[in-house]
Amino acid sequence: MATTLPLQRALERAADGERLAPELAVRLLESAPLLELAGAAHERRRAVTDPGRVTYQIDRNINYTNVCVTDCSFCAFYRHRGHPEAYTQSTEQILQRCREAVELGATSVLMQGGHNPWLPISYYEELFGAIKTAFSQLHVHALSPTEIGFIAAKVEEKPVAEVIARLRDAGLDSVPGGGAEILVDRVRDVVSPKKQRSADWLDTVREIHRAGLPTTATMMMGHAETLAERVEHLRLLRELQDGQPGILSFIPWTYQPDHTELKGERASGTDYLRTLAIARLMLDNVLHLQASWLTVGAQIGQLALSFGSDDLGSVMLEENVVTLAGAPHASNQAELIRVIEDAGFTAARRDTYYAILEVHERDDAAASMLDRRRVGRIAGPGIAGSTPAQSPGTAGVVPEGDTPSGRKRRAAASSTRE
């Protein structure tokens, strides 16, 4: 029994599908007993998704550039132009990474980078088109609302809708929810003052949905935000989904402080699980909730399956961004299947749209005999291939010069080669 009758009733109503008011969500996040919070979230998850199944995906994260001008204090990944570790991958380099991913069973590539003003939209159009030509079966889940907004406003000076349409027509299939952090400008002024404002992020996602492209939504928790601001983040996502639906899943993850300017401490596993449960109860119009084993580890990821999550995310054949900030966790297909099965569920491999591609029956001997080398992470910090070699050409290294104009620099580079 809950310690107070109002909290008990709020949990019961939310578990039954009644919309949870933000003020009650804050109280539950602060005060509800942990196991009762888990029970309500799990009951809701079982009501809206397959109760006996947990999904996962095989994909590869490809960071096409680490050059960025937004200087977010929580980020250990970005580099300034001219830094010895700065890079931008060529189309040929990315195609090779896609080829490796397909050979390992990936159905999707997730491509994100920095806010790089030296890359025009033609870079992305050429890249997406080349991927679709070489690997028509590969889903391109790429960029983020902040990257798309940056390309539109700072690089091309075009309307966001026009930029999205061009990217879609070039081969973009869906957009990950990066750059959200916490959708409260007080927090953004602390951790990412140069990045999109909250309203701009939300407006960009609406335009992406209007263009017929689905998205995911994320939240980076455990840095400068209050519990009430986490709930406000959820409220804004719920409101967006009500008005312009298209969010496939919600993915909260914990801030990783190592090697960052912001520093600080990691959120506890309990804090993460409480927030995950509130997300399941609050986001009544988002079907899937993904556990971030990469930032919290396999054990907390497994517990998350009883706190409202129905998905364990991706094998992540490659990951560089949060790993550089100190996330020490790695996994593979066999491990994710074991984690799911040990929690009492049937594991199922999915695609980006959450369509089931393969169900692993618990007595399937092949599932337990998966070659760990075949499905392990193939790149990451400290692993060969994690930092692409710089290459010449319009899709290669960041151009020299002082003016961050992708179009002008491209023209100059072309005339030089000619």
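Let me start with Asp71. Asp71 has 22% relative accessibility, so Asp71 counts as partly exposed (buried is under 20% relative accessible area, exposed is over 50%, partly exposed is in between, with a 1.4 Å probe and protein chains only). This is a predicted model, where local features need pLDDT of at least 70, side-chain atom pairs count only at pLDDT 80 or more, and totals for chains, interfaces and linings use all residues. Residues are numbered from 1 along each chain as its sequence is written, and side-chain values use heavy atoms, without hydrogens or water.

Where is Asp71? In the loop between β2 (59-63) and α4 (91-103). Helices (H or I, at least four residues) and strands (E, at least two) are DSSP runs, numbered from the N terminus. The phi of Asp71 is near 55°. That is a positive value, in a residue other than glycine. Most residues other than glycine have a negative phi.

Next, Leu143. Its phi is near 65°, again positive in a residue other than glycine. Leu143 is in the loop between β4 (139-142) and α6. Is Leu143 buried or exposed? At 1% relative accessibility, Leu143 counts as buried.

Now strand β3, residues 108-112. Five of its five residues are buried, so β3 is largely enclosed by the rest of the structure. In a regular strand, side chains alternate between the two faces of the sheet. Both faces of β3 are covered. On one side sit Ser108, Leu110 and Gln112, and on the other Val109 and Met111. What about the pairing? β2 and β3 run parallel, joined over five bridges (two strands pair if DSSP finds at least two bridges between them). Arg60 stands opposite Val109 in β3.

On to the open sheet. Three strands form it, in the order β5-β6-β7, with parallel pairing. β5 (215-221) and β7 (288-289) stand at the edges. Each has a single partner strand, so one side of each is left without a neighbour in the sheet. β6, residues 247-254, pairs with β7 in the parallel sense over two bridges. Across that pairing, Phe250 has Leu289 in β7 as its bridge partner. Helix α10, residues 227-243, packs on the sheet and touches β5 and β6. Helix α11, residues 269-282, lies across β5, β6 and β7.

Leu289 turns up again with Ser309. Which residues does Ser309 touch, leaving aside its neighbours within four places in sequence? Arg45, Leu276, Leu289, Gln290, Ala291 and Ala304. Contact means heavy atoms within 4.5 Å. Ser309 lies in the loop between α13 (298-304) and β8 (311-314). Its relative accessible area is 0%, so Ser309 is buried.

Last stop, helix α15, residues 333-342. How many of its 10 residues are buried? Eight, so α15 is mostly covered. The buried set is Gln333, Ala334, Glu335, Leu336, Ile337, Val339, Ile340 and Glu341. Glu335 and Glu341 are among them. Just after α15 comes Gly344, with a positive phi of about 95°.

To recap the phi values on your screen: Asp71 near 55°, Leu143 near 65°, and Gly344 about 95°. For buried segments, go to β3 and α15. That is my tour.

How values were computed. Axes are lines fitted to C-alpha atoms, for helices over the stretch in contact, and angles run from 0 to 180 degrees between N-to-C directions.
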